[in-house]
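Please find below my notes on this model.

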Amino acid sequence: MRTGSEGENDGTPESVADALRLLGAGLDYLNFPAAGEFPAAGLGEVLVSLGGLRAKFAAAHAAFLRRFDAAGAHDADGYGSPAAWLAARTQMTRKDAKAAVRQMRRLSAHRGVVGAMAAGQVSESCARQITGLVGKYRTICHISGISGIRPRSFCRRSALP
């Protein structure tokens, strides 16, 4: 981790491996029985924070999976698709692995939504609704023969407050 000006640790990871280690340590703490002693009055705020972190995690997962897929990295391990690799290597069911790849591809077409998720401004379920609406909007425009409309700008306006 990076150190502050006085040699103190500011908590910022220096690498992907360091970030994953910190994330794992934080989750270990939250899953530790002592976290069960957290006062009931603050549980709602914990859930709100976890929701924001879930969106950030989903954005990061989709970004790394997109890069993994684009590089054909699954081929190096002998798998024919990213979903097959995920199912075999990450303890996902085949159904969940395929859903993760679908989500990655859907989000890849909506970078504004991914950015809002990564910033904690849009929840994962809200992002799913936005991308679904934009997909329907594009279909309607295509069927209606409407031109000159830019669904991506619609998505950015819808995703950000």
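1. Basis. This is a predicted model, in which local features need pLDDT of at least 70 and side-chain atom pairs count only at pLDDT 80 or more, while totals for chains, interfaces and linings use all residues. Residues are numbered from 1 along each chain as its sequence is written, and side-chain values use heavy atoms, with hydrogens and water left out.

2. Overall make-up. The protein has eight helices and zero strands, and along the sequence the pattern reads α-α-α-α-α-α-α-α. Helices (H or I, at least four residues) and strands (E, at least two) are DSSP runs, numbered from the N terminus. Of the 161 residues, 23% count as buried; buried means under 20% relative accessible area, exposed over 50%, and partly exposed in between, with a 1.4 Å probe and protein chains only. Among contacts with a separation of 6 or more, 39% join residues 24 or more positions apart, where contact means heavy atoms within 4.5 Å.

3. Confidence. The mean pLDDT of the protein is 82, and 78% of the residues score at least 70; pLDDT is the predictor's confidence in each residue, from 0 to 100.

4. Helix H2. Residues 43-70 form H2, a helix of 28 residues that reaches 40 Å from its first C-alpha to its last, close to the 40 Å expected at 1.5 Å a residue. The expected span is 1.5 Å times one less than the number of residues. The buried residues of H2 are Ala55, Ala58, Ala59, Ala62, Leu65 and Phe68. After H2 comes glycine 72, with a positive phi near 65°.

5. Largest pocket. Which helix gives the most to the lining of the largest pocket? H2 does, with 12 residues; H1 (16-31), H2 and H4 each supply at least two. The lining holds 24 residues, and those nearest the centre of the pocket are Leu20, Leu23, Phe57, Ala60 and His61. By class the lining has 19 nonpolar, three polar and two charged residues. Here Ala, Val, Leu, Ile, Met, Phe, Trp, Tyr, Cys and Pro count as nonpolar, Asp, Glu, Lys and Arg as charged, and the others, Gly among them, as polar. The volume is about 880 Å³. On a 1 Å grid over the protein atoms alone, a pocket is an open set of points with protein on both sides within 12 Å along at least five of seven lines, a cavity is a set where a 1.4 Å probe fits but cannot get out, and lining residues have an atom within 4 Å of a point. Points are joined across faces, edges and corners, and a volume is the space filled by probe spheres set on them.

6. Second largest pocket. This pocket has a volume of about 200 Å³. H1 gives the most to its lining, with four residues, and both H1 and H2 supply at least two. The lining residues include Leu27, Leu30, Phe38, Val46 and Leu50. Nine residues of this lining are nonpolar, one is polar and one is charged.

7. Cavity. There is one cavity of 30 Å³ or more. The space in the largest cavity is about 40 Å³. Helix H5 (94-108) and helix H7 (124-144) are the elements that give two or more residues to its lining. The lining consists of Gln103, Arg106, Leu107, Met117, Glu124, Ala127 and Arg128, which divide into three nonpolar, one polar and three charged residues.

8. Glutamine 91. What is the phi of glutamine 91? Its value is near 60°, positive in a residue other than glycine. Most residues other than glycine have a negative phi. Glutamine 91 is found in the loop between H4 and H5, and counts as exposed because its relative accessibility is 80%.

9. Arginine 105. This residue lies in H5 and is partly exposed, with a relative accessible area of 46%. Not counting residues up to four places away in sequence, arginine 105 touches Asp69 and Pro82. Arginine 105 and aspartate 69 are 36 residues apart in sequence, and 9.8 Å apart in space from C-alpha to C-alpha.
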